[in-house]
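Good morning, and thank you for coming. Please look at the sequence and the structure on the screen while I speak.

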Amino acid sequence: MKPMADTSPPAFRLPPAFEAWFGARGWSPRPHQLALTETTLRGESALLIAPTGGGKTLAGFLGSLVELSERGATNSGVPALHTLYISPLKALAADVQRNVMTPVSELGLPIRIETRTGDTPTHVRQRQRKTPPDILLTTPEQLALLIASDHAASFFADLKCVIIDEIHALAPSKRGDLLSLGLATLAEWAPACRFVGLSATVREPGALARWLSPDARVLTAAGGVKAEVDILISRERIPWSGHSGRFAVPEVYEAIQRARMSLVFVNTRSQAELLFQELWSANEDGLPIALHHGSLARDQRQRVEAAMAAGQLKAVVCTSTLDLGIDWGEVDLVIQMGAPKGAARLIQRIGRANHRMDEASRALLVPTNRFEVLECRAAEAAVEAGEIDGEGVRTGALDILAQHVMGRACGEGFRLDALYDEVRRAATYTNLDWETYERIVDFVATGGYALKTYDRFHRIVRRSDGVWVARTPRDKQAHRMNIGAIVESPMLSVRLASFAAKAAMPESGEQRALRAGRKLGEMEEYFLSLLTPGDTFLFAGEILRLVGITGTDALVMRAQSDSPAIPTYNGGKFPLTTFLADRVRKMIHDPDQWHGLPDPVREWFEIQALKSAIPPPDHLLVETFPRGDRHYLVSYPFEGRLAHQTLGMLVTRRLERMGAKPSGFVASEYAMAVWGLEDMRGLDMDQVFHPDMLGDDLEEWLAESALMKRTFGHCAILSGLIHRNLPGSEKNSRQVMFSTDLVYDVLRSHEPDHILLQAARQDAATGLLDVRRLADMLVRVEGRIVHKPLSRISPFAVPVMLEVGREPVFGASAVEAVLREAEEDLVRDAMS
């Protein structure tokens, strides 16, 4: 019998030149690289999910490189943008340019690849507009700026491909909202354009694919080696509170010595500065250890990145600036100081080690206090089980929509109906109703009913042909100077001061001429305003003395000090994810999981169960006890600091009405404590923690809350109602705050349903106040409150009680001394 002919389509293959390039390197294209290339060459959109080191970035570009290599005689000779690559980090865009240029140069392809970020010189950006490169590597903010420029539609008309790297990091944020709107605009201007998303950590692939493009496919790479994750249980005593990790520095240094190159991640810039100093103090071998975070000067960050790429460093202490996608080939160990706060973030950071798909990444978690031991265990278990946390597709922010409407008016202009259809193509705005859309456009045009008499709030006008455009060139310029979805805290440039020749030294107090020298980086104005000339602090890996502040410069000199202040930053503090919090609660309430914990932590649990209680994970433990001349109420929701701060505000108001005379509260990642003058052991805790506090109590508090004013201020800036940067000037933080507070008070009095107040309330649900997470918790524990009236403090209460009365600025040694003294006293009572 004649065999049946094989009618299946032949397997996809790359062009011979590309196959030869892979072969010359001893490689073969991976199946997911071929699948994505085949998909994109058909003009289809796709989300590729592949393990770290699996060649995702190259896979994303292969289709474009093949098309550009084959254009040959069909190329008209007129420069046109073919591919737009969008990265959440400027450093990632620069790294990708280096990596993609390798096959381009080795294959001899006549392809121009350039980057465009906030660091790109103005003359280069102008040239890119006139003669676009074939491939442009950029950020969401730069895309929004291009869309808001003249002739933007013609600039993007020939666009064939948009690649979004680390898409999971962008989608669930306001930057993601801005990008989603930008993608909808590109789809309108370039109908043949395909959209490609790249990620290693995706919780809901289908939802993220729809965010990318309504018809995007999901491609998942097979394989990958499980990470090797260990937890460092220090030889030293594990503190009850604090996040410095100083006690474990000798053991972290030993791990650095054993590794080829280590990335030492911390969660805040403050921790980065402190840990860097501690490691240098322990660095008896003179190992090359560097510091990298977002406040350092760009040239310093670039020197560190170049030294890493060249394999010249032994370790780098870093923050989230090095979280994503960058390929540092020599890194073989990732050290996470402190709990990672989320499983997806940990997986992302672990992937920086052995950045190859077929080799296990190695990571060492270093808990900095007892509760963090649990969080690290929970994160380790989640990585082992392959479970990922993360937010789903969000509802698009209204302030970002207002910014986009203004941007479209600054560029090509728009018609009302057409822009509505375009906006609703963006996944985060699919459910936007016409009335809300009209109110946003009216807000951009007039400021809204209560503000329309003020001329400065009139920013767009409708021409006689029905097209909405920016009212004046100055309005266009102001918008372009303020594009973005992140409200940075007011910053001052930190510069080395130089003095006139033969001038007296600063300690003499004499007047002398100061000059601003080399820029070390930028720091938040808030922190520097707490210092006086002569005070010392840590920054850029050095101890600096503040000489003075002139304009937007903080002038400093290098100094010596045993107790420099540790910088505080309002941004960059990660909340504990709901997913990880749930795992921690279950671990605490399951004695079978205690056996793997260090002896001091296990003993802590056992005495807690003996002296108070450890209820089931769907219950809420509330303890009340006297201490000194105060009475305390402590609860343990494990919902993160933001939700606990809001809970503290609301519980305090409720206790006031119940006559308990509360006088303060404090919140940590794990607990919330209130103290007052009256005994609270006889209160009905079901009433104190009833979900109805999210009704009138919440509304009354929001109306007068400074945090709500701050949330509104952010919305006012992002929507373009208030500009921080104006042609020829820049407002300082006090001027901006005065402007936003004034508008807030006017709107609350005269138009309480104003669209920007609506936007601020929407933000409050998930932003600074985390109301939505708090609401979910209160509903979950309703009728399940376990109240334990005690005669003295419990073991679980010790960490949050150590937070009471802590100052925001302290020298590291002072912090340790104060905590140690308070800790000894509290622990003696709790554990005896």
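I begin with a definition: a salt bridge is a side-chain nitrogen of Lys or Arg within 4 Å of a carboxyl oxygen of Asp or Glu.

Two remarks on the source are needed. This is a predicted model, in which local features need pLDDT of at least 70 and side-chain atom pairs count only at pLDDT 80 or more, while totals for chains, interfaces and linings use all residues. Residues are numbered from 1 along each chain as its sequence is written, and side-chain values use heavy atoms, with hydrogens and water left out.

How many salt bridges does the structure hold? There are 42 salt bridges, and I shall present three of them.

One of them joins R773 to E639, with 2.7 Å between the closest N and O atoms. This pair links distant parts of the chain, 134 residues apart: R773 lies in helix α29 (residues 771-781), and E639 lies in the loop between β22 (630-635) and α23 (641-657). Helices (H or I, at least four residues) and strands (E, at least two) are DSSP runs, numbered from the N terminus.

Are these two residues buried or exposed? Buried means under 20% relative accessible area, exposed means over 50%, and partly exposed is in between, with a 1.4 Å probe and protein chains only. R773 counts as buried at 10%, and E639 is buried at 3%. Salt bridges with shared partners join D582, R585, K586, E639, R773 and R780 into one network.

The next pair is R602 and D599, whose side chains meet at 2.4 Å, N to O. Both belong to helix α22 (residues 599-611); because they are three residues apart, about one helical turn separates them. R602 is partly exposed at 22%, whereas D599 is exposed at 52%.

In the remaining pair, R471 and D475 have their closest N and O atoms 3.9 Å apart. R471 is partly exposed, at 33%, and D475 is buried, at 12%.

I now turn to a sheet. Five strands form an open sheet with mixed pairing, in the order β23-β24-β22-β21-β27; two strands pair if DSSP finds at least two bridges between them. β23 (662-667) and β27 (785-789) stand at the edges with a single partner strand each, so one side of each has no neighbour in the sheet.

β23 runs antiparallel to β24 (residues 672-676), and five bridges join them. Within this pair, G664 stands opposite W675 in β24.
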